[in-house]
There are 2 protein chains.
Amino acid sequence: VSRPVRAIVYGVGAMGAIMARLLLEKGVEIVGAVARSPAKVGRDLGEVAGLDRTTGVLVEPDARPALERGADVALVAVSSYLHVMAHHFRLCLEHGTNVVTIEEETVWPWHTAPELAAELDATARANGVSIAASGAQDVFWMKLVATLMGAAHRIEEVTGYCSWNADDYGPEVAAHVHLGESPEAFARHLEEHGWPDFVARANLEALVADAGLTVAEVESGVEPVLAEEDTPSASLGRPVRRGHLLGILDTTTVRTAEGPTFSFAMAGRVYRAGEADVNEWTIRGEPDLHLRNDRVPTRLITCTSVVNRIPDVIAAEPGLVTLDRLPQPRYRHGALTLPS
Amino acid sequence: VSRPVRAIVYGVGAMGAIMARLLLEKGVEIVGAVARSPAKVGRDLGEVAGLDRTTGVLVEPDARPALERGADVALVAVSSYLHVMAHHFRLCLEHGTNVVTIEEETVWPWHTAPELAAELDATARANGVSIAASGAQDVFWMKLVATLMGAAHRIEEVTGYCSWNADDYGPEVAAHVHLGESPEAFARHLEEHGWPDFVARANLEALVADAGLTVAEVESGVEPVLAEEDTPSASLGRPVRRGHLLGILDTTTVRTAEGPTFSFAMAGRVYRAGEADVNEWTIRGEPDLHLRNDRVPTRLITCTSVVNRIPDVIAAEPGLVTLDRLPQPRYRHGALTLPS
């Protein structure tokens, strides 16, 4: 005897809208939808998410009423930074609701945000629930790579490269890659604010932890990727001007105390016609090993990965579960249910 | 406080010889080496395995004395068929020794050899140890694919293709692919003996089980791959004559009761100059997903995968542990040890 999983769509942006559809197609009962935008509040989730049906769920600006309805899990997709997201996570966990998020730092936050990580871990434990991050990094940037490493006798270096279309994720991500800015403005921004250790670092930290290794040194860098000609951008709503930022190339290298080095270069930029996302990893050692995914639909698999993780996060030991501690990802055929 | 893992190299053929080296490089204490061949018995394992050192371990024709010395695990690489191997597995398990093997049917034997599987499972449980299969199918043909499936919302079809060099694994495997035979002799063999459900089937059964699906129908087929010109073969010790078998193309398709179809085509044949092993999988559904490994050193990763599985098999719940029930493969940096 089983019942549908009960979920909250927490954040109804580009990603939340896709997740809403996937959840409904997996028979999940959506008990709440949360978004701040006055353009979304009060409207049916189906309409806001661009589905061809209404859901009977109205978008609410405050998560509390939705959380009080009792959900097994909240799919949280609001911002890319843990310090911005912590408030939302806390709210879910305190209501006894498990969290799966695409917030990238939560993949492995113990070095970049140790206090927040410890606090969220404690809150999750105290409420008997879990919080974990999934998204593109789960299957493609972390678990496929960790699995490939399982065929290595001796590793000297693990090197990854991926590209993703900065036009695919809405204005929040467009702003993150400084889409359309002049290189001078971007340089000034770097000078004033530095550059946060982003996706690549959390991802590599999870890979290093998975292999039982210890981080000794982290080096991050970012370079602007400039438009060679005026290039249309959907997220920007206008073309990126020639010489301005199409996006960025984010590179992080982690050296371990034990020897192996890990590095990951991520190109997030608006594409020219015909380009598609790739994911490519090489292990140098004994033996050399290679992995390549062509035509990765990064935007969609960000969402499918989160939905497929729902059973794992519900089943996990309470606490903050970093990506290395989640089991191998799994395809979920049919409806997502729980014993009733 | 830890001590080295204690292992037995059970079968000192092409694969056992590589495993012996890998074990020594991982600080494993080899307490026995077992082989039948009079050319190997009584000689030092290091010499038989072509290492540049002696090991103090003499190859023995009978496994019992080695097993009585007390090993944590036996790496068993003798033959490709479970009915041939069962005797060896039984002997290890009855001595309280865990088994990791490259015998392919053991990957998931419950449909093709249910009685043997049940017997080995019971024997393993009764002795508090485990038996599992690893090898090339572990990381490349099964776990990478299952992981990729974890990014799928809806799967219609999973299709795999791999190639491996039939000249790389010694005479046992060369005989299995009927290397050097005439197509007429191969056709007669098929008529008289049929074709065993081999690697591809066990591999697909593990993938299907991993996704929680149910096998409804299995279709296997084999085609000879013929030499277009006389082609040298190391395992054969003579060229394969033009028009004779360079190897085989083994194809298995599994239809599930729930809908998704899985198929795997494996080309095992002697290579022409410049060819290398590939592993390539496509998932058709929402979304379509692709995975490709180029230049797979199949022979070596068959052995590295087994060695990296030692901690998992020792830690597993007692019994026959099919590949879907083993955790994500993991790189093992440094020495393989156990708490002492």
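This report covers the interface between chain A and chain B, one stretch of sheet in chain A, and some backbone details. The model is predicted.

**Interface**

Contact involves 46 residues of chain A and 46 residues of chain B. The two chains bury about 3,900 Å² between them. Carbon and sulfur atoms give 57% of that area. Three residues stand out on chain A: A:His153, A:Gln328 and A:Tyr331 supply 20% of the area that chain A buries against chain B, more than any other three residues.

Polar links are also present. Between chain A and chain B there are 4 salt bridges. One of them pairs A:Arg21 with B:Glu286, with the closest N and O atoms 2.6 Å apart. The polar contacts between the chains number 27 residue pairs, counting residues at pLDDT 80 or more.

Helix 6 of chain A gives the largest share, 8 residues. By class, this side of chain A has 21 nonpolar, 10 polar and 15 charged residues.

| Partner of strand 8 (chain A) | Direction | Bridges |
|---|---|---|
| Strand 12 (residues 279–286) | antiparallel | 8 bridges |
| Strand 11 (residues 261–269) | parallel | 9 bridges |

A:Glu157 has A:Arg284 of strand 12 as its bridge partner. A:Asn165 stands opposite A:Arg269 in strand 11.

**Backbone details**

A cis peptide bond links A:Glu286 to A:Pro287, with omega near -10°. A:Pro287 sits in the loop between strand 12 and strand 13 of chain A. In chain B, the bond joining B:Glu286 and B:Pro287 is cis, with omega about -15°. B:Pro287 lies in the loop between strand 12 (279–286) and strand 13 (289–293) of chain B. B:Glu286 is also the residue that forms the salt bridge with A:Arg21.

Two chain B residues other than glycine have positive phi. For B:His178, phi is near 55°. B:His178 is in the loop between helix 7 (171–176) and helix 8 (183–193) of chain B. For B:Arg295, phi is near 50°. B:Arg295 is in the loop between strand 13 and helix 10 (298–308) of chain B.

Which of these is buried, and which exposed? B:His178 counts as buried because its relative accessible area is 8%, under 20%. B:Arg295 counts as exposed because its relative accessibility is 54%, over 50%.

Key: Residues are numbered from 1 along each chain as its sequence is written. Chains are lettered from A and ligands numbered from 1 in the order in which they are written. This is a predicted model: local features need pLDDT of at least 70, side-chain atom pairs count only at pLDDT 80 or more; totals for chains, interfaces and linings use all residues. Side-chain values use heavy atoms; hydrogens and water are left out. Contact means heavy atoms within 4.5 Å. Buried area is the accessible area (1.4 Å probe) that two parts lose on being put together, summed over both. A salt bridge is a side-chain nitrogen of Lys or Arg within 4 Å of a carboxyl oxygen of Asp or Glu. A polar contact is a pair of N or O atoms within 3.5 Å; within protein, one must be able to donate a hydrogen and the other to accept it, and residues adjacent in sequence count only if both atoms are side-chain atoms. Helices (H or I, at least four residues) and strands (E, at least two) are DSSP runs, numbered from the N terminus. Ala, Val, Leu, Ile, Met, Phe, Trp, Tyr, Cys and Pro count as nonpolar, Asp, Glu, Lys and Arg as charged, and the others, Gly among them, as polar. Two strands pair if DSSP finds at least two bridges between them. Buried means under 20% relative accessible area, exposed over 50%, partly exposed in between (1.4 Å probe, protein chains only).
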